Amino acid sequence: IGEEFGHFGSALNFTNILVGLAVIAWIRENRKKGEPILHSSPLNLPLILYVLVGMIGIFRFTLYGSGYLSSALIDYLQRWLIPILLYFVTYNSVKDRQIIKNIVILIMIATVIIGLISSIEYLTIGDGELEDSRVGGVADDPNLLAAFFNYYTFLFLGFLLVYFNRVRYWALTIPFLICFRGIMVTFSRAGYLAFLLASAAVVCIRSKLAFLILVFAAWFVLQNPVLLPPGIRYRLAQTLERRPAVQQATTFEDSLDQSARTRVRVWKGALWMIREHPLLGVGYNLFETKVQHYWSEMGPVDAHNTYLLIGAELGIPGLLIFLWILGVMFWSAYALYRRSEDRFAKALALGFLGGMFGFFVSNMFGSRLDSHEVSSYFWILAGLIMRLHVSEKYPDE
């Protein structure tokens, strides 16, 4: 298909076809029931505005030719339009609470299966050099796989904490630890940090006393790093390079290892791009090409930060709309957790909040929205959270 249809052939994959069929089914079902195709939602406006800003960021540069236009449109379709469509399909067509429960359970089962597969894969490749031992799993990239687990692992923790007085729910510790093992074998430093901060956030939201105990435990482990698993300890130690006295770094940036140092310098280039193009950005999917004008040490390179990438390509308005979307998601989940008397809804909201903290941190160190494998469940869960939030707020809808 790709050879026959050029760039647009990449859009004709199985996932996109299924999403297209789901959209058709959603529209037909709502028309049959006499309901509006698009139900009111706090996320409707920011999502539509974000799509429009992205399209402007593409069509401003039609002078670059059909090659740029087609590749940018396909990239935008894969990275943003399809996931956003998943949100709208979920929110507008999934209303029955039992169906919501079934979808959440399926996502949790899929997550723990991927955790098991990742752990098994590590057993087959884990004896070589570190870079060769890092597991990429379904995402085919260790950092993306770590982000995947940080988005969805906390569903298990949310249900465990909300149903803690029921002993049978303690069994959720097992899949939670399996997913943590999945993060471990990616050897992703951003993944480790995201897991730590997201875990702390979930525990803090649920219990301030438990949070204080967790903080003390984290402090104790930092004071005694030998307690950390060897792989994590070794990977974290790589961040700061030890050099001979005659080569001592003069700045903190120079003391970082090559990977971390590259990220810092690319971020500086991204900030310069935003400063010079604050309103409209440099154009969608053009960061890697144009960053060379702001950082000349190497060729095209990813921004390694979703927020800076959006700000650089779509301008500050695009970044603010994206943060608006995340803010609405976060507030809706938090309100659902605080106000709902349905324990399932509370547990789902708490787990989703943990995933959002994992999302916030993971995307500070990379572009973690590049593939359906990583981001699709996130948008589906957002649709379920929003549906539960709206039904709690407006019971008659």
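A residue is termed buried when its relative accessible area is under 20%. By this criterion, 50% of the 397 residues in the protein are buried in the predicted model. The secondary structure comprises 18 helices and 0 strands. Among contacts with a sequence separation of 6 or more, 72% involve residues 24 or more positions apart. The accessible surface of the protein amounts to about 19,500 Å², of which carbon and sulfur atoms supply 66%.

Helix H5 was examined along its length. This helix covers residues 97-125. Its end C-alpha atoms lie 42 Å apart, in agreement with the 42 Å that 29 residues should span at 1.5 Å a residue. At the start of H5, the backbone nitrogen of Gln-98 has a side-chain oxygen of Asp-96 within 3.0 Å. The buried residues of H5 are Ile-100, Val-104, Ile-107, Met-108, Ala-110, Thr-111, Val-112, Ile-114, Gly-115, Ser-118, Ser-119 and Tyr-122. A nonpolar patch on the surface is formed by Ile-105, Leu-106, Ile-109, Ile-113 and Ile-117, which together present about 450 Å² of accessible area.

The structure contains 2 salt bridges. In one of them, Arg-97 pairs with Asp-342, with 2.7 Å between the closest N and O atoms. Arg-97 belongs to helix H5, whereas Asp-342 lies in the loop between helix H16 (306-339) and helix H17 (343-362); the pair therefore ties together parts that are 245 residues apart in sequence. Both partners count as partly exposed, Arg-97 at 31% relative accessibility and Asp-342 at 22%.

The side chains of Asp-75 and Arg-79 also meet in a salt bridge, with an N to O distance of 3.8 Å. Both residues are in helix H4 (residues 66-93), and because they are 4 residues apart, about one helical turn separates them. Arg-79 has a relative accessible area of 17% and is therefore buried.

Ser-376 counts as buried because its relative accessibility is 9%. When residues up to four places away in sequence are not counted, Ser-376 touches Leu-86 and Tyr-152.

Note on methods:
Residues numbered from 1 in each chain as written. Predicted model: local features only at pLDDT ≥ 70, side-chain atom pairs only at ≥ 80, totals over all residues. Heavy atoms only, no water. Patch = residues over 30% accessible without salt bridge, like charges linked within 9 Å, V, L, I, M, F, W, Y side chains within 5 Å. Areas by Shrake-Rupley, 256 points an atom, 1.4 Å probe, with all protein chains shown as cover. Salt bridge = Lys/Arg side-chain N within 4 Å of Asp/Glu carboxyl O. Helix = DSSP H or I, 4+ residues; strand = E, 2+ residues; numbered from the N terminus. Expected span 1.5 Å × (residues − 1). Buried < 20%, exposed > 50% of the residue type's maximum accessible area, 1.4 Å probe, protein only. Polar contact = N/O pair within 3.5 Å; in protein donor to acceptor, adjacent residues only side chain to side chain. Contact = heavy atoms within 4.5 Å.
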